[in-house]
Amino acid sequence: AQAILKPWGMTFLPAKQIAAPRAATPKGVAAAPNPVITTSSMTGFKYDVAFSFAGPERTLAETIATILKQHGFSVFYDNFYPEQLWGKDLVATFDRIYRKESRYCVMFLSQEYADRMWTTHERKSATARALQERGNAYILPVKVEDVDIDGLAPTIGYVSLAEKSPEQIAELLIGMLKS
């Protein structure tokens, strides 16, 4: 019952958390980061971050999504959910994810991103949500190339791959999600 109510920010009974014993880390191997309690359950969103990207940026998006997931955040990256997407109406599903279910939307901006059908659909859903946010940050652009994207105001702050590594971008996201 607790798991069913959790996505709506409700609880059935107080749950006692029992910490599992941590295994010793072998000498010379870095310990995995302690996962945080995901903000998605606290904010009412299913996902802390949804990634929108064109095919050539898939490896970049996966790198950042994996880092966030390892830190305990709820991430929508399509390859993390193949069984949930299989057979679904993706137009409706992606609209719901990018317009309603995500706290932030990270867009990887390139000419490919501007030209592709699915990224255009994701962008339209995300910009509809951004309008509802009334100036609060929702769309977090990552410039892969210097390109003008229809529907995306050039005044939105962005990070550039020319200046930040995927790991640095992940750290910025983690900082935003924890605040």
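User: How many salt bridges does a search of the whole structure find?
Analyst: The model is a predicted one, and salt bridges are counted here where a side-chain nitrogen of Lys or Arg comes within 4 Å of a carboxyl oxygen of Asp or Glu. Searched as a whole, the structure holds salt bridges to the number of six.

User: Which residue meets Arg-99 in a salt bridge, and where do the two lie?
Analyst: Arg-99 is partly exposed, because its relative accessible area is 25%. Its side chain meets that of Asp-95 in a salt bridge, with 2.8 Å from N to O.

User: What is the N to O distance in the salt bridge of Arg-116 and Glu-112?
Analyst: Arg-116 is partly exposed, with a relative accessible area of 36%, and Glu-112 is partly exposed with a value of 36%. Their side chains meet in a salt bridge, and the distance from N to O is 2.8 Å.

User: Why do the buried residues of helix H3 line one face of the helix?
Analyst: Helix H3 covers residues 58-70 and reaches 18 Å from its first C-alpha to its last, close to the 18 Å expected. Its buried residues are Leu-60, Ala-61, Ile-64, Ala-65, Ile-67 and Leu-68. Seen down the axis of H3, these buried residues fall within a limited arc, so they line one face, and that arc is 160°.

User: Which elements are included in what covers the buried residues of H3?
Analyst: On the other side of H3, Thr-59 and Gln-70 are exposed, while just after the helix Gly-72 takes a positive phi of about 90°. The cover over the buried residues of H3 includes strand S1, strand S2, strand S3 and helix H8.

User: Which residues does Glu-101 touch, not counting residues up to four places away in sequence?
Analyst: Glu-101 lies in helix H5, which spans residues 90-101, and it counts as buried because its relative accessibility is 15%. Not counting residues up to four places away in sequence, Glu-101 touches Phe-45, Lys-46, Tyr-47 and Arg-96.

User: What pattern does the protein chain follow along the sequence?
Analyst: The secondary structure of the chain comes to eight helices and five strands, and buried residues make up 35% of its 179 residues. Among contacts between residues at least 6 apart in sequence, 70% join residues at least 24 apart. Read along the sequence, the pattern is α-α-β-α-β-α-α-β-α-α-β-β-α.

Note on methods:
Residues numbered from 1 in each chain as written. Predicted model: local features only at pLDDT ≥ 70, side-chain atom pairs only at ≥ 80, totals over all residues. Heavy atoms only, no water. Helix = DSSP H or I, 4+ residues; strand = E, 2+ residues; numbered from the N terminus. Buried < 20%, exposed > 50% of the residue type's maximum accessible area, 1.4 Å probe, protein only. Contact = heavy atoms within 4.5 Å. Expected span 1.5 Å × (residues − 1). Arc of directions from axis to C-beta.
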